[in-house]
Amino acid sequence: MAYIRASSCAAAFALLFVPIIWDSFTAYQLGRYLLYGMVAQGIALCWGRTGFLPLGQALFFGLGAYVTGAVLRMDPGWGLILLAFLGSILLPSVLAGLVGILVFSRQIGSGPYFSLITLALSMLGLQLANSEEWLTGGFNGMTGIPGLPGVDSYEHLFFVIVATLLATTLLLEFLSRTPFGHLLEAIRENEERLQYFGFRTGVLKAAAFGISGGLAGLAGALYAPHQGIVTPQAVGFLLSAELVVWTAVGGRFGLIGPVAGAVAIGFLSSGLRDAFQYWELVVGIAFIVAVLRFPGGIGGFCAGIASRIVRGSPAVRRRRDHRVRKRQDPGHPDLVYRNVNASSGPVEILRDLSFEINRAGTHCIIGPNGAGKTSLINVLTGKLAVSSGSVSWKGRVIGATEPYRAARHGIGRKSQVPSIFATMGVGQNLAVALWANRLDLRDMLSSAPHLWTSGMFEELLSRFPFLHDESASAGVLSVGQRQMLDFAMTMLAEPELVLLDEPCAGLSSAETEKMIDAIAEISARSGSTFLIIEHDMRLVERLSDNVLVVHQGGLLASGTMAEIRENPNVRKVYSGAGNA
C-alpha cells in the first residue's frame, strides 16, 4: 500500500537525524537493533504472511556474519567485499530454500515439524561454531574484523544500515503486492484450497523461507563490520528466540512492526539489564501481553487504526487473459473407476467401486450418509489413497496423486463446507482462482495478473452481483454467499472435470435456485464434465444427465433419474429396508 512506502521513507528519513539529535553511541546501538529488525522482517514474511514459524533464523544471520567477517579480515578490496556480501545473501538463502523444500514437500500442514527442525539446525550451528576454532574462532569468536573500507563503523555505517533496511522494506512491500505475495497469504489462510488450484505450496513456502534466509544473511553481513566480532551466539537458538519475541511484539503481519519491536525491546533490555536484576522477566511479560492482547503486535494495532481511516479500494480495470487450458480430445472413456478399494485405518470406505463416465454433462452422485460419496472424489484429488484398483481421467491414472497435480490434470473441486480465504478480500479470492494454471514465474512478480479477466469471470460477476464488491472481506459473507464464492472460484480455474460436493448446502430456496441455474447454464456452455454429490433432489432432477447411486462404498445403480426411481434395490435402501 502507498502508506507503507510513505511511512517507510518517513521513518528512514527520521533515523538519519538520530546521530545529530542524540549521539554517536545511541546511533551505534540503534544500528545493531535495526539489523535485528531486518532479520525480524524475514520472520514476519514466513510467520505473519505465510503462516509457518521459523525458530532458527539466527543460523542464517550468523552464517552471513561469519562469511563477511572472514573476508574482511583478509583486508580485501571492494570487489571481493561485494562478492562476500553476495555470498552472505546467497548461501543462507539457498540453505533455507533447500530446508524448506525438504520439509514442506512432505505434506500440507507440516509447520510444527518445520519449526522444530529449524530450532535443531540453530542448535547445531551453535555447536559447530563453538567447536570449529580454526574456522570460527571457537567460543571466543571471530575477532579483529575491520570495518568497511572508508566507512567508519561507529558513525558512518549507521547510514548504510538505514539505507539497506529501507531497500529491504520496499522490496518486501513490493513482493506483498505481487501474485507471489498474495499466494503466500492464501497459504496461511487455506493451504489445501490453494493446492486444489494447482499451486505447489511447498515450493512457494520454501521460496519465502529462502528470501527470509537471504535477509538474515544480509543483516549478518553488515553486523560483522559493525561489531568487529562474531561469536557463536550469533547463530544460536537464544538469539533465534529473541528474534521471534521481537517480531511478535512489533507485529508479525507488517514490515515496520518487526523493526519497531526489535528496536523497542532492544533498548528496553539495554536499559533494564544494568538497573534491574530480573530484566528478562519484564521482556517475557511484554511478549506474553503482546501475544494475548495484541496478536498483531504494535504494528497490527496501528494498522487497525489506519484501516478505519482509509477504507475501501478503487475498482480495477481488468483486461482479458487468453491463456486457458488446452482441452484434450476424448478418444476413450474420460473417467474410469475400476475395482477401487480404499480404507481409513481398519474401516473400509470404498469396496470394489467400478463405473465409467465417457461423456460431458452433469452426473449426480446420491446415496445415504456414510455411503462413500465424498470418499469417491477424495481419491480423485489425492486426499484418500487407493489400496487397490485404479482411477483414471483422460487415460491418465491419477490415484494417490497430490492435490496440486490433480488440478493440473484439469480437475477442480468444491468441498461441502465453503473453502475460501477468509481474511482476504473477495477480489483476492477471485484473483487466486483466476491465476490457477495460468501464472508463470514471470507473472509471479508482475502487477499485470491483478488486471486479468476472462469470459467466465465476467459471467460469474453477472450471476452473483455481490462479487463486484472486491474489497469486502470474504470472512464476513453469509453462508450462502460463501458457497457461491467457492463455486465461482472453482469455475474460474475452468477445469475439465468439476467436482461439486453438495454445492447447495446451507442455501436458502432463492439461493438454491440461483445456484442450480448457474450450474446448469455453465455446464451446458463450458463442455466440462460435472460430478456432483447432492442430497437436494431438486438439483438432481433439474441437472442430472446420469445418476450414480453409491451404497456401502460400492455402486448400487446408475442411469437416468426415472430409471433410478424404479430400481428396486435403490428403493429398498432408501426405504430403510436394509442392504440391497
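Predicted model: local features only at pLDDT ≥ 70, side-chain atom pairs only at ≥ 80, totals over all residues.
**The open sheet**

- Six strands, in the order E7-E9-E10-E4-E11-E12, form an open sheet whose pairing is mixed.
- Strand E7 (411-414) and E12 are the edge strands, each of them pairing on one side only, and from one strand to the next the twist averages 20 degrees.
- Strands of a sheet pair through backbone hydrogen bonds, in either a parallel or an antiparallel way.
- E11 and E12 run antiparallel and are joined by five bridges; Leu548 has Ser558 of E12 as its bridge partner.
- Helix H21 (residues 509-526) lies across strand E4 (361-366), E9 and strand E10 (529-533), and H21 runs at about 150 degrees to E10.

**Helix H3 against helix H11**

- Helix H3 (residues 24-50) packs with helix H11 (residues 237-250) at an angle of about 75 degrees, and their axes are 9 Å apart.
- Because angles of 65 to 115 degrees count as roughly perpendicular, H3 is described as roughly perpendicular to H11.
- On the H3 side the contact is made by Tyr36, Val39, Ala40, Ile43, Ala44 and Trp47, while H11 contributes Leu239, Leu243, Val244, Trp246, Thr247 and Ala248.
- Of the residues in this contact of H3 with H11, 11 are nonpolar and one is polar, with no charged residue.

**The mostly covered helix H17**

- Eight of the nine residues of helix H17 (residues 426-434) are buried, so that this helix is mostly covered.
- The buried residues of H17 are Val426, Gly427, Asn429, Leu430, Ala431, Val432, Ala433 and Leu434.
- These buried residues pack against helix H9 (179-195), strand E8 (452-453), helix H19 (455-463) and H20.

**Two residues with a positive phi**

- Most residues other than glycine have a negative phi.
- Glu494, although not a glycine, has a positive phi of about 50 degrees; its place is in the loop between helix H20 (479-492) and strand E9 (497-501).
- With a relative accessible area of 21%, Glu494 is partly exposed, because buried means under 20% relative accessible area.
- Gln552 is likewise not a glycine and has a positive phi of about 55 degrees.

Notes: Residues numbered from 1 in each chain as written. Heavy atoms only, no water. Helix = DSSP H or I, 4+ residues; strand = E, 2+ residues; numbered from the N terminus. Buried < 20%, exposed > 50% of the residue type's maximum accessible area, 1.4 Å probe, protein only. Axes fitted to C-alpha atoms, helices over the stretch in contact; angles between N-to-C directions. Parallel < 35°, antiparallel > 145°, perpendicular 65-115°, else oblique. Contact = heavy atoms within 4.5 Å. Nonpolar A, V, L, I, M, F, W, Y, C, P; charged D, E, K, R; others polar. Pairing = 2+ DSSP bridges.
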